[in-house]
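User: I'd like to go through the charged pairs in this one. Can you show it to me first?

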Amino acid sequence: FGGGGVTAFAAQDALPNDVLYPVKLATEDLQLGLTSNPADQVDLLENWIDRRFQEMRELTNAGEVIPLESAYRLERQLGQALQIAAQIGDPEQAQLLQRLQLRLETNMKTMEQLRAADPNGAALQTAQQAMIQTHAEVQGALEDPAAFRTRYGAGRPDDAPVQPEVTPGDPPLSTPGASGQGNGQGDGQGSGEGQNPDAGQGAGSGGGYSAGDGTCTCTP
């Protein structure tokens with residue numbers, strides 16, 4: 001554990017073309033997984049988004065090619081930030097999104113400078129598109145928080161009824177007393193005869209489908 005901690009610490013300044021860079025990314029994933037508070041998770045992701053831009057800046061200034069995986073990593077972390085932000089209630093969500101919006105605008109200016117230095121870089125182009133899309137998503141979330149939550153799967157009301165699970169091929173629900181026998185559960189309790197116009201009379205027992213007096217008229 002001690003050796004691993006030293007390695008993880010040393011990897012914090014690693015760039016995408018360094019040997020320790022995968023350790024740096026693994027440390028980020030681990031730290032995010034160990035953080036339970038959604039607002040704190042977004043804080044981490046914002047810091048790591050800044051990291052991606054710093055890495056891109058250093059590689060561009062050094063004249064080195066930025067791997068596409070760096071842009072994909074940035075894109076994934078931007079998506080994670082939106083996904084988690086959708087779980088946060090008002091007014092904390094609005095404050096968080098406003099802060100993210102300002103950070104995006106700052107990084108988008110940095111991206112324009114990097115694109116000017118490397119106009120044909122595929123990674124920079126992918127990262128810029130991800131930033132523009134995320135900025136539009138944040139603006140839409142600030143204008144319509146309910147639609148934002150619905151879009152990211154967090155808009156279902158807590159008191160919505162639980163939907164039954166239906167497996168294809170399951171038989172339809174039977175009607176009590178259809179064969180002359182009633183059997184069920186409910187408010188009424190009774191034991192008597194179920195009448196069926198096609199099948200005649202049969203012994204019926206059960207509750208819920210009777211009015212509580214022991215008699216029920218059943219539909220075939």
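This is a predicted model: local features need pLDDT of at least 70, side-chain atom pairs count only at pLDDT 80 or more; totals for chains, interfaces and linings use all residues.

User: What makes Glu-28 and Arg-73 a salt bridge?

Analyst: A salt bridge needs a side-chain nitrogen of Lys or Arg within 4 Å of a carboxyl oxygen of Asp or Glu. Here the N to O distance is 3.3 Å, so the pair qualifies. Glu-28 sits in helix H2 and Arg-73 in helix H4, so the bridge ties together parts 45 residues apart in sequence. Helices here are DSSP runs (H or I, at least four residues), numbered from the N terminus.

User: Why is Asp-90 called exposed?

Analyst: Exposed means over 50% relative accessible area, buried under 20%, and partly exposed in between (1.4 Å probe, protein chains only). Asp-90 comes in at 52%, so it counts as exposed. Its salt-bridge partner is Arg-149; at 17%, Arg-149 counts as buried.

User: And what makes Glu-137 buried?

Analyst: Glu-137 has 12% relative accessibility, so it falls under the buried cut-off. Glu-137 forms a salt bridge with Arg-151, with the closest N and O atoms 2.9 Å apart. Arg-151, at 57%, counts as exposed.

User: How many salt bridges does the structure hold?

Analyst: It holds 13.

Note on methods:
Residues are numbered from 1 along each chain as its sequence is written. Side-chain values use heavy atoms; hydrogens and water are left out. Helices (H or I, at least four residues) and strands (E, at least two) are DSSP runs, numbered from the N terminus.
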